[in-house]
Amino acid sequence: MDRIRIRGGRPLKGTIAISGAKNAALPLMTASLLADEPLVLEHLPALADITTLAHLLALLGVESTEIANGEAGRTLSFHARHIAETTAPYDLVRKMRASILVLGPLLARRGSARVSLPGGCAIGTRPVDLHLKAMQAFGAEVELAGGYVEARAPRGLRGAHIVFPKISVGATENALMAAVLARGESLIENAAREPEIADLGRCLAAMGARIEGIGTETLRVQGVDRLHGARHSVVADRIEAGSYAIAAAITGGDVELIGARLDLMGAVAEMLGEAGLAIDETPRGIRVRRAGGRVLGVDVMTEPFPGFPTDLQAQIMALMTTCEGASMVTESIFENRFMHVPELVRMGASINLHGASAMVRGVKTLKGAPVMATDLRASVSLVLAGLAAEGETVISRVYHLDRGYDGLEAKLSACGADIERLRD
Ligand code: UD1
């Protein structure tokens, strides 16, 4: 298994191009199931999760063709002329939970879907009950059998009024994709408002869907008989941008994030500002650098958008390990999302866990160490810590990083980081 070696202590300086968002690309790809004409997606990131989902879609009958592959990411066409198969098998779903996003589109287009239950994952149990209840509200019969969700709506879906008891990104996306082809009007309340969902809403609208309230917590949808093909560019990855902003901060560097959008950063920009960073919009993106000396300790709690994202919790914690003062980092979205803590402690961080909160006391410097990546965002937090640490850090199990960070080593080395992949 590949490892990454970092020799820390070099301030990052230069520019980093931000890729298209993984969490937008995945639902957009499954939206191609809704139409019998091609959906062309531009600015797709080159990531393992994208390949896994393309395999799953191919199995269902979606033809994907590469149209371009350049600096602005990849452009692929997804064409679901006939849906040959409506089963998403365990072997693919267990690799990536987001496979559950085929449920709504398959039900809406074909009236049936059989999707393996994702099962547990490293960051907690992550149930799918909200997805299933939403499909039932649209009139689908849902059963669980042999580890699979079996959903049927032989006479098609009908519009529904859904009030989510809890905010869920994936369940909102599944509900939205079901609603666009359901008969009549649907109202989805307490919807998640992440920019990736707004991106999906815009793409569906370009395919002929009638949606009001895109980007808000209330989505009103008038179902249509069919959707047509469209061309859509995937929104910039705000989590990747936030991760590299933190890389600039933790190394005391000065980086311009090309294509990053401040308006999509929500509480992240505010928090980083309070921690003593200067964050400025430039004609091409965002420039991040330390305004003064050491980074200041700030308290952070993860929340649904526009709150601070759970997908940046591990990274901000890495930054806080070297802050002036102390910081309380609270995780309110997922249980068991602190696997990076013992690894950061191995690098000299002072962190105490109390339930869902981590008390981080800033230390002057981190020290390089061999550490192990456990999930996608935990892995990148170790990269960030390694960039700031004295000496050498070797991170094992880096396949997690390849799921979410397109060209990580190349992007960081171009800004002066001493980082290299060791292939075994
Ligand atoms: C998405 C993101 C993931 C991010 C998360 C929270 C994608 C592909 N993934 O995941 O990177 O960390 O949003 O911003 O976009 N829940 C239930 N029942 C359900 C569904 C969710 O109880 O049926 C709970 C979850 O366990 C969690 C919370 O709701 O505690 C939020 O999860 P959700 O927003 O659904 O996350 P995902 O869509 O899986």
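Helix 5 contributes three residues to the shell around the ligand, the largest share. Helices and strands are DSSP runs numbered from the N terminus (H or I, at least four residues, for helices; E, at least two, for strands). The model is predicted, so that local features require pLDDT of at least 70 and side-chain atom pairs pLDDT 80 or more, whereas totals for chains, interfaces and linings use all residues. Residues are numbered from 1 along each chain as its sequence is written, and side-chain values use heavy atoms, with hydrogens and water left out.

The ligand is surrounded by 19 residues, a residue being counted if one of its heavy atoms lies within 4 Å. The closest are D129, L130, S168, D311 and I333. At least two residues of the shell come from each of helix 5 (129-137) and helix 6 (169-179). By class, the shell comprises eight nonpolar, five polar and six charged residues; Ala, Val, Leu, Ile, Met, Phe, Trp, Tyr, Cys and Pro count as nonpolar, Asp, Glu, Lys and Arg as charged, and the others, Gly among them, as polar.

A polar side-chain atom of N23 is 3.0 Å from a ligand oxygen atom. The protein buries 86% of the 740 Å² that the ligand exposes when taken alone (Shrake-Rupley method, 1.4 Å probe).

Elsewhere, strand 20 and strand 21 (residues 357-361) run antiparallel and are joined by five bridges, at least two being required for pairing. S350 stands opposite R361 in strand 21.

Terms used. A polar contact is a pair of N or O atoms within 3.5 Å; within protein, one must be able to donate a hydrogen and the other to accept it, and residues adjacent in sequence count only if both atoms are side-chain atoms.
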